[in-house]
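Please keep the sequence and the structure open while reading.

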Amino acid sequence: MNVSEVIVQFLKAAGIRHMFGYPGDPSVEVLEAARAAGLEFILGRREGTAGLMAQAYATLTGRPGVCLSTLGPGSSNLVNAVANAWLDRVPLLAISGQIEGKREAFFTHQVLDHNRIFSPVSKWATAIRPDTVATVMRKALRVATAERPGSVHLTTPADVVGATATDDKVMLPPLEARQSVQFFAATGAEADPVKRLKGSKRPIVLAGISAMRAGAGAALARFAQAIGCPVVVAPMAKGVLAEDHPLHAGTLDMACNQYVWNFLKRADLLLCAGFDAVELIKPWALSVPTIHIDSTPNTDQIYPAELELVGPIGGILDALSDACGSLGRWSEAEVAAHRDGLRKAYYEGRVSGKLNPTDVIDVVRAALPRDTIASTDVGSHKLLVGQGWTTYQARAMLMTNGLSSMGYSLPAGIAAKIVHPDRTVVSFIGDGGFAMVQGELGLASALKLGLVVVVFCDNSLNRIELKQAQRNYPSWGTLIEPVDIARLAPAMGCDGVMVDSASALQDVLSRRASDRPLVIGAVIDPAQYAAQF
Ligand SMILES: Cc1ncc(C[n+]2csc(CCOP(=O)(O)OP(=O)(O)O)c2C)c(N)n1
Ligand SMILES: [Mg+2]
């Protein structure tokens, strides 16, 4: 096999069926190996967006996402996606071409030092050679998927990709955790978590992305039920506990974040179950005793934990439920009262007679099936979608809340429709984020993806404009021109419509096609954002 064939055989062995990317000269051998091996190649319209598709693909499938770029301008375009997957803790293999090895050290045209670019924004960056390719691929897969997962960048020089591999044994490393539990207690802490739980009157769980990755949702629901314990969920883990579960207590750090933090303050014991502090926006403000339950030790120390239970999150929660039995610490009525208050806060600032952001979310939620996969972009709209969009199952909400890069939602929606063609997919996005990635509508249309894209049209980078307003600065550098989606979308092979009322939105959602993207420009009144943020 040549080097590219070995790379592709590793990807196939790992269950990867799709590669995303944008090729250049040095990609040709890799592309040909992928084609011959029956992989699908999804040609994004830019390396960065293709990389975000690969990230969402990995989130949905649990297998590493793969994206490809050329050298220089291609690899530097890919940096955003590599960094995004790194901070969102998603396994991603990014493969970039490079000039031949003998010229790399001194030649200049399109030559960038990949190791220096990618090392700070990935778990590992290295180059592949014919006599190391199998070992490097084995290590790349292991590093990308090991907790906490993240991105790995691989450089494939032009004189290497087609060369005969001398290191060519395709042998997968273990890709799934079979962990036992490690137990750590801070000095002076009550070291028995069962005693600690039984002694608490107001325990609350804060669940996060590690719990989602670990597939700990069912164990989490059993734990919550046994202890009678409300569960607050970090944004990227939305759906790890169905949001109509009687003990679901809201999403952290989205809209109404003070309301949710005030609720957490009522705890006398906090259980961080797979909560990754990368999602925290503000400094930790709780002084509640905390137990850290995660795949990795609490090395961030962003919150202090008395006890650390490190290992399989679902197994740990099950063991705790079994040992504690039924404790009934909170009544469902108490949690329901909290949720009612949260809902009220969420609708604050609604202007009757206008199309409010929360109206858009409500109408879309009501029109689409329970198992819809939603993605959201970054901006004011994300804060409301993150709190208000009801997610009923794990891996049915795609968002970036680690790097939080604008432009994620549309590529994520495209990946979702590729992975789950039979499910409804809706991508929420601001008009600013949409403008960054609208070229990908051409891809969605070419692939005949019946994806729904909902653009919150406010002619503004609202999240930033609001920060200016709070300092009494004028809106300057934060306004964008209106976009006529009814004209733009058809030019990209999509259906497109502008709506400015809930009834018009309802109407268009009932008439969507199954094999053509539908882009809806929702002309919203941003007053609700100003009232809340
Ligand atoms: C790539 C990138 N650039 C800039 C930002 C900073 N930023 C966060 S939200 C935001 C405004 C987004 O505007 P829009 O997409 O219209 O959403 P809105 O806030 O109006 O809902 C900006 C510029 C970012 N998160 N990512
Ligand atoms: Mg906007």
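## The loop at Ser 27

Ser 27 sits in the loop that runs between strand 1 (18-22) and helix 2 (28-36); helices (H or I, at least four residues) and strands (E, at least two) are DSSP runs, numbered from the N terminus. Its relative accessible area is 2%, so Ser 27 is buried. Buried stands for under 20% relative accessible area, exposed for over 50%, and partly exposed for values in between (1.4 Å probe, protein chains only). Not counting residues up to four places away in sequence, Ser 27 touches Leu 68, Ser 69 and Thr 70, where contact means heavy atoms within 4.5 Å.

## Basis of the model

The model is predicted: local features need pLDDT of at least 70, side-chain atom pairs count only at pLDDT 80 or more, and totals for chains, interfaces and linings use all residues. Residues are numbered from 1 along each chain as its sequence is written, chains are lettered from A and ligands numbered from 1 in the order in which they are written, and side-chain values use heavy atoms, with hydrogens and water left out.

## The magnesium site

Which residues coordinate the magnesium ion (ligand 2)? The donors are Asp 431 (OD), Asp 458 (OD) and Ser 460 (O), at 2.1 to 2.2 Å. Donors are N, O and S atoms within 2.8 Å of the metal (3.2 Å for Na, K and Ca), and because water is not among the atoms, sites may look incomplete.

Along the chain, the donor residues of this ion follow the spacing D-x26-D-x1-S. Asp 458 and Ser 460 are both buried.

Among the buried residues are Ser 409, Pro 411, Gly 413 and Lys 417.

Ile 7 belongs to helix 1 (residues 3-13) and is buried, with a relative accessible area of 0%. Apart from neighbours within four places in sequence, Ile 7 is in contact with Ile 95, Ile 128, Val 133, Met 137 and Thr 156. The C-alpha atoms of Ile 7 and Asp 500 are separated by 50 Å, and the two residues are 493 residues apart along the chain.

## Backbone geometry in loops

The peptide bond that joins Glu 147 and Arg 148 is cis, with omega about -20°. Arg 148 is in the loop between helix 7 (133-145) and strand 6 (151-157).

Where is Lys 448 placed? Lys 448 is in the loop between helix 18 (440-446) and strand 17 (452-457). Although Lys 448 is not a glycine, its phi is positive, at about 55°. Its relative accessible area is 57%, so Lys 448 is exposed. Asn 472, in the loop between helix 19 (462-470) and helix 20 (485-491), is a residue other than glycine with a positive phi, near 60°. Asn 472 is exposed, with a relative accessible area of 71%.

## Two partly exposed loop residues

Val 181 is in the loop between strand 6 and strand 7 (182-185), and it counts as partly exposed at 48% relative accessibility. Leaving out residues up to four places away in sequence, Val 181 touches Val 310, Pro 312 and Ile 316. Between the C-alpha atoms of Val 181 and Leu 252 there are 27 Å, for residues 71 residues apart along the chain.

Gly 325 lies in the loop between helix 12 (313-324) and helix 13 (332-346). Its relative accessible area of 27% makes Gly 325 partly exposed. Gly 325 touches Ala 226 and Ile 227, not counting residues up to four places away in sequence. Gly 325 and Thr 290 are 20 Å apart in space, C-alpha to C-alpha, and 35 residues apart in sequence.

## Overall picture

The protein has 22 helices and 19 strands. Its C-alpha atoms fill a box of roughly 65 × 60 × 45 Å along the principal axes. A compact globule of 533 residues would have a radius of gyration near 24 Å, and the protein has 24 Å, which agrees; this radius is taken over C-alpha atoms, and the globule rule is 2.2 Å times the number of residues to the power 0.38.

Of the 533 residues, 57% count as buried. Among contacts with a separation of 6 or more, 73% come from residues 24 or more positions apart.
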